[in-house]
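Have a look at the structure first.

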Amino acid sequence: MFRLTIRDDKNRYELTELAKMFVSADELDCFAEGGNVFVVPGPDEMDRNAQKRALYRYMSEKTGRELKWGTLTGVRPLKLFNKLVRLTGSPEAAETALKADYLVSEEKTALLRNVWNTQSTVSFDRDPKAVGLYIGIPFCPTRCLYCSFTSNKYSGDKAEAYLAALEKEMDALSRLFREKGMYAESVYVGGGTPSSLEEDQFRRLTDKTAASFLSQKTAEFTVECGRPDSITKGKLSALVKAGCGRISINPQSMQQKTLDRIGRLHRPEDITNAFAMAKAAGVRIINADLIAGLPGETPDDMADSLRKIMDLGPQNITVHTLAVKRGSRLIEENKDLSYSGGDTVCEMLSQAYGKLGAAGYSPYYMYRQKHMTGNMENTGWSLPGCESIYNIRIMEEDQSIIALGAGGVSKIYYPDEDRVERVANVSNYEIYVDRIDEMIKRKEDAL
Ligand code: SF4
């Protein structure tokens, strides 16, 4: 048992989170007094970064572990990197500060620098009226082992009721955008799995999205088609006709044993077929998601999956690290996987990053989540000129994101104060349908 005395209420949460990156919550007592405890110095003695470094060194010495992200506990390390560039005047000085003040490893500092380099080649619409738009479809064919999202098994009737409510919210927001002079720089239809809708429902959704929110100023329109077994020629032709230029087909792994294990109904060949259909339909950019650290997988499995995915020629590949989250079936099976699988994931990621770099992909956005195996990260890789604007901007929190549908959390950005205010829809889709007028009113009040 690790016993910590944290004499700083203001930073208690962050310090506790840092300690939990070394040992599980069961092994930690953050309110202990007396006995064999580590006392984190209070605010009079040290600033927050110094407190975190002191705690890091204590935990590292006691556990024999090093964390590649050092003392960083937040989900957006690139935001910090950007801030350090502004404060120090150069990316080189920002790298030095990351290593000295936050104990970030050479490897992760270089990753951040590469992401920063890639993002400096992408142009964004800095007009405050330009927003990112998210539309959520909370249905999937089955629930994945690791899923903690708002996802429900597809049912035709329930989807009809949901779409009717969503269309009402789309109409209201489209009206509001016109009144306020706002427009969508990027549109992202995600979930869940939007392509789990029936073909006519899917067409209705993509047509309605296009009619309500696409304009000359819209640079990107993405539709997630995560499960290859939910993709049909009809759906692909509907989305291309509606103006969608980017889709996501998410294999997660190309190993049949893993697909079975995580609760997917498709085979690796279905992924290959879905790619061929998407290319034939004229989709310009395809993203493929892959997860490092899936139960039972070895670094060789992951390397094999990545090779097979790269052979399919996606313009974007997003390498996720498995997160063992509350609300997932996985946490009931093995709540300590995020600690025990750390070394394997580390090896998987460094192999993958090396191969992606050698094949001409660059990292263009990244974020971290709680309970990620080995405290690693998710990183989006792209061929030059194919970076997703929506993904970059949602992570940097420098633009309003308006989210429609159950579980959608809008983030209204106030540039003068560099502040974000959250406006959330309810996450249960049946309650969302019942309370749609209230969801609309929340946005009207916020905008
Ligand atoms: S596809 Fe995504 S949203 Fe659907 S069950 Fe799997 S993890 Fe959850």
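For sorting residues here, Ala, Val, Leu, Ile, Met, Phe, Trp, Tyr, Cys and Pro count as nonpolar, Asp, Glu, Lys and Arg as charged, and the others, Gly among them, as polar. Keep in mind that this is a predicted model.

Start at the ligand. Around it sit Cys-140, Arg-143, Cys-144, Cys-147, Phe-149, Ser-151, Gly-191, Gly-192, Thr-193 and Gly-226. That shell splits into four nonpolar residues, five polar and one charged.

Now for helix H7, which covers residues 199-213. Its 15 residues reach 21 Å from the first C-alpha to the last, close to the 21 Å expected at 1.5 Å a residue. Buried in H7 are Gln-201, Phe-202, Leu-205, Thr-206, Thr-209, Ser-212 and Phe-213. Seen down the helix axis, the buried residues of H7 fall within an arc of 140°, so they line one face of the helix. Asp-200 and Ala-211, on the other side of H7, are exposed.

What covers those buried residues of H7? The cover includes the elements in this table.

| Element | Residues |
|---|---|
| Strand S4 | 130-137 |
| Helix H6 | 156-180 |
| Strand S7 | 183-191 |
| Strand S8 | 220-224 |
| Helix H8 | 233-242 |

Strand S4 turns up again in a pairing: it runs parallel to S14, and four bridges join the two. One of the details is that Gly-132 has Ile-401 in S14 as its bridge partner. Along S14 (residues 401-404), Ile-401 and Ala-403 point one way while Ile-402 and Leu-404 point the other way, and all are buried.

Key. Residues are numbered from 1 along each chain as its sequence is written. This is a predicted model: local features need pLDDT of at least 70, side-chain atom pairs count only at pLDDT 80 or more; totals for chains, interfaces and linings use all residues. A residue is near a molecule or strand if its C-beta atom, placed from the backbone, lies within 6 Å of it. The expected span of a helix is 1.5 Å times one less than its number of residues. A residue is buried if 20 or more other C-beta atoms lie within 10 Å of its own, exposed if 12 or fewer, and partly exposed in between; C-beta atoms are placed from the backbone. The arc is that of the directions from the helix axis to the C-beta atoms. Two residues are in contact if their C-beta atoms, placed from the backbone, lie within 7 Å. Two strands pair if DSSP finds at least two bridges between them.
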